[in-house]
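This briefing goes through a single chain, from its overall dimensions down to individual residues. Please keep the sequence and the coordinates at hand while reading.

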Amino acid sequence: MARNSSLADTIQAWPKAELHLHLEGTMQPETVVELAARHGQRLTVEEVAARYAYRDFNGFIQSYIWVTSLLRRPEDYAFIARRHFEELRRLNVVYAEITLSVGVMVWREQDPGAIFAALHAAAEEAAQAGLRVQWVFDVVRQFGPEKAMDVARLAVPHREEGVVAFGMGGDELAVPAEEFRGVYDFIRSHGLHSLVHAGEIGGPDEVRRAVELLGAERIGHGIAAVADPAVMALLAERRIPLEICPTSNLRTGALERLRGEGSAGARAHPVAELFRAGVPVTLATDDPAMFQTDLDREYEAAAATGLDVRQLARINEAGFEAAFLPATEREILLERFREFLRAQGLVY
Ligand SMILES: [Zn+2]
């Protein structure tokens with residue numbers, strides 16, 4: 001795709017929100033090499049890049065398990081978080097909700113409380129530098145509802161320290177949504193927000209179940225909704241945003257699965273179709289280092305599907321609107337963005 005530099009420059013300047021970002025997927029090859037060295041393990045950038053080259057969802061999961069095995073101590077997590085905070089500031093991200101694979105920490109018998117304390121300290125520093133960070137505690141769906149409940153209980157005491165939501169990722173076809181109903185009822189009763197990865201490799205019914213059975217307030221990916229007008233209408237009516245990650249969908253094979261073999265390629269992404277159907281959409285990177293992307297490139301990928309700069313501005317605005325922030329803080333961020341639009345002559 002030819003790079004539209006004026007569009008890219010316009011978007012680069014915008015203050016942005018990023019709502020779907022897994023900390024463990026932010027480690028650039030150079031960072032992985034440094035992290036391994038801290039554990040006395042020698043790796044090269046090329047070796048890491050080879051581990052990050054995969055062709056399907058399973059290959060991605062294997063790579064994810066490998067790279068997270070290098071995260072052993074609280075300071076390892078804080079190290080990679082600080083690295084990525086620098087990157088977010090470079091991209092003019094002013095607000096991020098970062099997902100932590102607490103289900104994986106528990107599986108590895110780590111101490112999520114100690115890890116979170118180190119991350120919280122790093123986030124406080126970032127706030128001083130103009131980047132507001134909040135957190136999502138996330139579970140692996142195929143580990144089942146009991147393990148999910150363990151993580152839900154761990155999330156609740158950290159509400160005052162910026163843990164705003166509970167999420168579920170992993171293999172959405174492995175365990176039916178209804179089995180997690182009790183977990184989501186629990187987290188809601190404790191004032192946490194509900195997030196679910198759905199309609200990534202599963203069909204539109206998975207999106208519907210996430211909303212109707214689990215009370216999801218935003219959906220991770222949700223691209224399969226495009227295959228069912230009734231599901232798109234449900235999302236539009238209830239104002240439930242999809243956190244769309246175009247490059248991730250391309251790299252994991254989720255897009256090809258949705259559109260059929262041979263039809264894939266960034267332009268086949270349904271983000272424009274969903275947007276035009278009135279579904280609230282936001283853009284995010286998912287696992288930027290593992291998918292060799294960044295937030296600006298996700299906006300460019302969305303532009304390649306036919307969205308113009310005003311529509312992209314609306315999507316950026318939707319990112320702030322969908323943030324789990326107090327209303328006054330959300331308004332301040334939105335107003336700051338609108339000032340940029342006025343300065344760029346893009347008021348709509
Ligand atoms: Zn994700």
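A residue is called buried if 20 or more other C-beta atoms lie within 10 Å of its own, exposed if 12 or fewer do, and partly exposed in between, with C-beta atoms placed from the backbone. The model is a predicted one, in which local features need pLDDT of at least 70 and side-chain atom pairs count only at pLDDT 80 or more, while totals for chains, interfaces and linings use all residues. Residues are numbered from 1 along each chain as its sequence is written.

**Overall shape and composition**

- The chain holds 17 helices and eight strands, where helices (H or I, at least four residues) and strands (E, at least two) are DSSP runs numbered from the N terminus.
- Its radius of gyration is 19 Å, which agrees with the value near 20 Å that a compact globule of 348 residues would have; the radius is taken over C-alpha atoms, and the globule rule is 2.2 Å times the number of residues to the power 0.38.
- Along the principal axes, the C-alpha atoms of the chain fill a box of roughly 50 × 45 × 40 Å.
- Of the 348 residues in the chain, 45% are buried.
- Among contacts in the chain with a separation of 6 or more, 73% come from residues 24 or more positions apart, two residues being in contact if their C-beta atoms, placed from the backbone, lie within 7 Å.

**The sheet**

- Eight strands form an open sheet in the order β1-β2-β3-β4-β5-β6-β7-β8, with parallel pairing; two strands are said to pair if DSSP finds at least two bridges between them.
- Strands β1 (16-22) and β8 (281-283) stand at the edges with a single partner strand each, so one side of each is left without a neighbour in the sheet.
- From one strand to the next the twist averages 25°, where axes are lines fitted to C-alpha atoms (for helices over the stretch in contact) and angles run from 0 to 180 degrees between N-to-C directions.
- Strand β1 is mostly covered, as seven of its seven residues are buried, and β1 pairs in the parallel sense with β2 (residues 93-100) over five bridges, Lys16 having Val93 as its bridge partner in β2.
- Strands β4 and β5 run parallel and are joined by two bridges; Phe166 stands opposite Ser194 in β5, and five of the six residues of β5 (residues 193-198) are buried.
- Two bridges also link β6 (residues 218-221) with β7 (residues 242-244) in the parallel sense, and Leu242 in β7 is the bridge partner of Ile219.

- Leaving out residues up to four places away in sequence, Ala210 touches Ala177, Val196, Ala198, Ala216 and Ile219.
- In helix α8 (residues 145-155), the buried residues are Pro145, Ala148, Val151, Ala152 and Ala155.
- These residues cover an arc of only 115° around the axis, which puts them on the same side of α8, the arc being that of the directions from the helix axis to the C-beta atoms.
- The elements that cover the buried residues of α8 include α6 (102-107), β3, β4 (163-169) and α9 (181-189).

**Glycines in loops**

- Gly144 lies in the loop between β3 and α8 and is partly exposed, with 14 other C-beta atoms within 10 Å; Gly144 and Val175 are 31 residues apart in sequence and 6.9 Å apart from C-alpha to C-alpha.
- Gly215 sits in the loop between α10 (204-212) and β6 and counts as partly exposed, with 15 C-beta neighbours inside 10 Å.
- Not counting residues up to four places away in sequence, Gly215 touches Tyr184, Arg188 and Ser194, and the C-alpha atoms of Gly215 and Arg181 are separated by 8.8 Å.

- His221, in strand β6, has a positive phi near 75° although it is a residue other than glycine, and His221 is buried, with 28 other C-beta atoms within 10 Å.
- Arg239, in the loop between α11 (229-238) and β7, has a positive phi of about 55° without being a glycine, and Arg239 is partly exposed, with 13 other C-beta atoms within 10 Å.
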